[in-house]
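Thanks for coming. I will talk through one structure, helix by helix and then pocket by pocket. Please have a look at it before I start.

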Amino acid sequence: MVDILGKAKQLEMMYLLVEEMKEKNYVTLKTIAKLMRRFAGAGKHKDAVKMFDDLERFGLEKDTESMNLLLDTLCKEKRVEHARGIFLELKKHISPNAHTFNIFVHGWCSANRVDEANWTIQEMKGHGCIPCVISYSTVIQAYCKQPNFSKVYELLDEMDTQGCSPNVVTYTTIIHYLDKAKRYDEALKVRERMKLTGCKPDTLFYNTLIHVLGRASRLQEATRVFEVEMPMNSIIPNTSTYNTMITMFCHHSQEQAALNVLDNMEKSALCKPDLRQTNLRELVKSLRT
């Protein structure tokens, strides 16, 4: 009911309902979370902060968990600086944890202030909290979008130094943005780096890799990845994998090869052709006639 009233922008009724809940000791931190997010979503950020200030009145504690809830609410509403100011006051009495800093990492990156996010990782270490692969990957993705690949490689080196190995999502992100920047050889070097770390690929990684090889006109390598490497690693292709292969062959005017991929897809029964692939078959037929 609290959430429904919040979504309907009936904020006064929402608050009155929570006051009624308070009399029966029904208010939990999840209840307060709903109020904070609905107030913040309506632009009433002061009311969201007041809910935190009033926690003790609801029989709840001002601790790391509730502080993180408030900071996360503000950061998701693009109020990172406001959240930062509150944090500087609260940390005198409430100890932050790794999640606290990850909230700011995401918040700064969402605000396209990547250097602040990177600095937050260093601050995190200063508080004795260990950055995780998600912390680094979030900042890496933000630098990729700029694009600032020199910073990306610096962070990869830092991850190695800290003993925090990048995961398949990290590598897929970097290769994807190098592909967008038409830096194909560089993207393939990242793939080799991934192999050396022992990181196992997944379907999304292979889809990205095939796309890079296709754009680099390395069709034989792309075909080998699809026909040999993926089965060898027990990676099952999805519709996007087939679409990538088909698009690659069509781009290089190899319609028959594209149709062969479509035929193999239909025979494998791993996934069904979509409208795009059906249209391709009809297009090739019309070109032949």
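A residue counts as buried here when its relative accessible area is under 20%, as exposed when over 50%, and as partly exposed in between. Keep in mind that this is a predicted model.

I begin with helix α2, which runs over residues 11-23. By that cut-off, its buried residues are L11, M14, L17, V18, E19 and M21. What do the buried residues of α2 pack against? They pack against α1, residues 2-7, and α3, residues 29-41. Helix α2 has 13 residues and spans 19 Å from its first C-alpha to its last, close to the 18 Å expected at 1.5 Å a residue. Just after α2 comes N25, with a positive phi of about 60°.

Also in this part of the chain, E23 makes a salt bridge with K22, with 3.5 Å between the closest N and O atoms. E23 has 60% relative accessibility, so E23 counts as exposed.

Next, helix α7, residues 98-110. This helix also has 13 residues, and its first and last C-alpha atoms are 18 Å apart, close to the expected 18 Å. Which residues of α7 are buried? They are T100, F101, N102, I103, F104, V105, G107, W108 and C109. The cover over these buried residues includes α5 (64-76), α6 (80-90), α8 (114-126) and α9 (133-145).

Now the charged pairs. Side chains of opposite charge can pair when their charged atoms come close. How many salt bridges does the structure hold? The number is 23. I will pick out a few.

One of them is between D160 and R193, at 3.1 Å from N to O. This pair links distant parts of the chain, with D160 in helix α10 (residues 149-162) and R193 in helix α12 (residues 184-197), 33 residues apart. D160 counts as partly exposed because its relative accessibility is 42%. R193 has 23% relative accessibility, so R193 is partly exposed by the same cut-off.

Another joins R224 and E229, where the closest N and O atoms are 4.0 Å apart. Are these two residues buried or exposed? R224 is partly exposed, because its relative accessibility is 46%. E229 is buried, because its relative accessible area is 9%.

T208 sits in helix α13, residues 203-215. With a relative accessible area of 11%, which is under 20%, T208 is buried. What does T208 touch, not counting residues up to four places away in sequence? The contacts are T172, I175 and H176.

The other is T223, in helix α14, residues 219-232. Its relative accessibility is 18%, so T223 counts as buried. Leaving aside neighbours within four places in sequence, T223 is in contact with V228, M245, M248 and F249.

The largest pocket holds about 200 Å³ of space. It is lined by 15 residues, and those closest to its centre are F226, E227, Y242, V261 and N264. Which elements give two or more residues to this lining? They are α14, α15 (239-251) and α16 (255-268). The largest share, 5 residues, comes from α14. Sorted by class, the lining of the largest pocket has 11 nonpolar, 3 polar and 1 charged residues.

The second largest pocket has a volume of about 170 Å³. Of the 12 residues that line it, H211, R215, T244, T247 and M248 are the closest to its centre. M248 has come up already, as a contact of T223. Two or more residues of this lining come from each of α13 and α15. α15 gives the most, with 6 residues. By class, the lining of the second largest pocket divides into 2 nonpolar, 8 polar and 2 charged residues.

To go back over the main points: the model is predicted, and the structure holds 23 salt bridges. The lining of the largest pocket takes its largest share from α14, while α15 gives the most to the lining of the second largest pocket. That is all I have.

Note on methods. Residues are numbered from 1 along each chain as its sequence is written. This is a predicted model: local features need pLDDT of at least 70, side-chain atom pairs count only at pLDDT 80 or more; totals for chains, interfaces and linings use all residues. Side-chain values use heavy atoms; hydrogens and water are left out. A salt bridge is a side-chain nitrogen of Lys or Arg within 4 Å of a carboxyl oxygen of Asp or Glu. Buried means under 20% relative accessible area, exposed over 50%, partly exposed in between (1.4 Å probe, protein chains only). Helices (H or I, at least four residues) and strands (E, at least two) are DSSP runs, numbered from the N terminus. Contact means heavy atoms within 4.5 Å. On a 1 Å grid over the protein atoms alone, a cavity is a set of points where a 1.4 Å probe fits but cannot get out, and a pocket is an open set with protein on both sides within 12 Å along at least five of seven lines; lining residues have an atom within 4 Å of a point. Grid points are joined across faces, edges and corners, and a volume is the space filled by probe spheres set on the points. Ala, Val, Leu, Ile, Met, Phe, Trp, Tyr, Cys and Pro count as nonpolar, Asp, Glu, Lys and Arg as charged, and the others, Gly among them, as polar. The expected span of a helix is 1.5 Å times one less than its number of residues.
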